[in-house]
Amino acid sequence: MNIMRVDAKHGRVDTVATDALVLMFCEGEGLPKDDGAILDAALGGALRELVHTKEFDGKAGEVVLFHTHRKIPAKRLILVGLGKKRELGLDQIRQALGYAVKRVRQTRSGAFTVALPSSIPQGASLVDMGQTMTEGAILGSYQFTTYRSDAPTGRDVTAMTVLTPQKDHLRQLSEGIRRGMATAEATVFVRDLCNHPSNVMTPTRIASEAKIVAKEAGVQLKILEQKEMEKLGMGALLGVAKGSHEPPKFIILQYHGAKNKNDRPVVLVGKTITFDTGGISLKPAENMEQMKADMTGGAEVLATMRAAARLKLPLNLISILPVAENMPGGRAMRPGDVVTTLSGKTVEVQNTDAEGRLILADGLAYATRFKPAALIDIATLTGACVVALGQFAIGMFGTDAALKGTIRDAGLRAGERVWEMPLWEEYFEQLRSDVADMRNIGGRGGGMITAALFLSKFVGDAPWIHLDIASTDWSERERAYIPKGPTGIGTRLLIQFLINRSL
Ligand code: BES
Ligand code: MN
Ligand code: ZN
């Protein structure tokens, strides 16, 4: 997909020439003010009438389009509701732009202009506004049509201009747009990677995607092949990969943006299972196709690396992707097999479908070698996460209170919220094995927690966060700026965390 161009410009709504001019209004605020009043006058009371007849109320998700018949230079006006003013947050702005851009696409206009709303969410800056408007528009227009011969062509919305009446707004709006382009582009990249089917998006293909990112972004890349993993002793990752004909990969990307190259890095580790059949502990057929997105975590840490380099963030960052396909087969791991992890700890694999924690065990142990200032793993780890949190919260665990706070803040700001779960040692009794140091499943009860606790045994003393995104990685329905299918949720959270850390 070609990414939308976004820029900011100053001028008046009644003089701007555009195919479509988008205006956002809050619910129940009565007759239009500011930009609304200017346009209403220019259009001979048309806006007033719409409000009066309640044909446009400003409810969240409400969209009204009308032609201006050359009364003003903008050909069409698109009114979009923001919902109640006291409930207005950054995510309402994102959503409004998502609705707006879909309506613009229906008009077949390639470009549109959106007026900076006169109501800004409390506490939001112009940078936030530029960023969220850009995110909403780019993410709302996302489509994945690579494999469709009936794909609509030549109708993409390719440009958006944010219009403000004040010239001194431009610098901050542009900075927000720059950030929004980076976060949205990263999310689009993740959605694309996860949408490609697993016969295409193999571990080898992931490695070549990483090579492209490394080259483009100018970051260091190291890819460990099976032989080297054997030498190092990554028995858990190798065990998972055994059932597949696709060779596993272990990918490390390094970006040095800090003034001091020796500053301790932020290290991100993403679960990258290109397809999860469950292995010998085979999954049921229903919805199994969604397991092509079991690489979301890895895609997100790869995309975050690219965004951090593009934004030239002043920090050191390392992204690690343990990559494998989880398949049954003649050489596949059996329930009861014992593997020796990179850390030296042994694991009894009682269920081959609990493979994410196995590849992450080796990924996290490897990560500790970099002495991380913060170690964050992100993974579509457990069905139990979906059961506990539904679709609207990411499961968060961690060992460091300050770090948890900054992740929580980044999630709120990004509209990708996390919810903390307990990481209590009591639960470890569920992971005890009779033959090895631990087993890879925790039995009934607290499945998201026992998975996190398993991971905690491989992070040493690094300040660590685990994010379970099984709840949010796939959407059952299309929303304002979230498509049906792979969502890429978590990407903007990670990038926002890094941006906030850089400020
Ligand atoms: N990739 C799945 C988790 C998952 C489930 C992600 C649904 C997204 C949607 C993971 O590898 C898995 O299979 N987990 C098992 C663990 C169990 C065997 C302890 C699960 O949750 O069923
Ligand atoms: Mn699994
Ligand atoms: Zn999995």
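Guide: The axes of helix H6 (residues 203–217) and helix H9 (residues 296–310) cross at roughly 10 degrees and come within 10 Å. Axes here are lines fitted to C-alpha atoms, for helices over the stretch in contact, and angles run from 0 to 180 degrees between N-to-C directions. Helices (H or I, at least four residues) and strands (E, at least two) are DSSP runs, numbered from the N terminus. H6 and H9 are therefore roughly parallel to each other; angles under 35 degrees count as roughly parallel, over 145 as roughly antiparallel, 65 to 115 as roughly perpendicular and the rest as oblique.

This is a predicted model, in which local features need pLDDT of at least 70 and side-chain atom pairs count only at pLDDT 80 or more, while totals for chains, interfaces and linings use all residues. Residues are numbered from 1 along each chain as its sequence is written, chains are lettered from A and ligands numbered from 1 in the order in which they are written, and side-chain values use heavy atoms, with hydrogens and water left out.

On the H6 side, Glu209, Ala210, Val213, Glu216 and Ala217 meet Leu302, Arg306, Ala309 and Arg310 of H9, where contact means heavy atoms within 4.5 Å. The residues of this contact divide into five nonpolar, no polar and four charged. Ala, Val, Leu, Ile, Met, Phe, Trp, Tyr, Cys and Pro count as nonpolar, Asp, Glu, Lys and Arg as charged, and the others, Gly among them, as polar.

Helix H5 (residues 170–195) packs with helix H14 (residues 491–502) at an angle of about 145 degrees, the axes 9 Å apart. The residues of that contact divide into five nonpolar, three polar and two charged.
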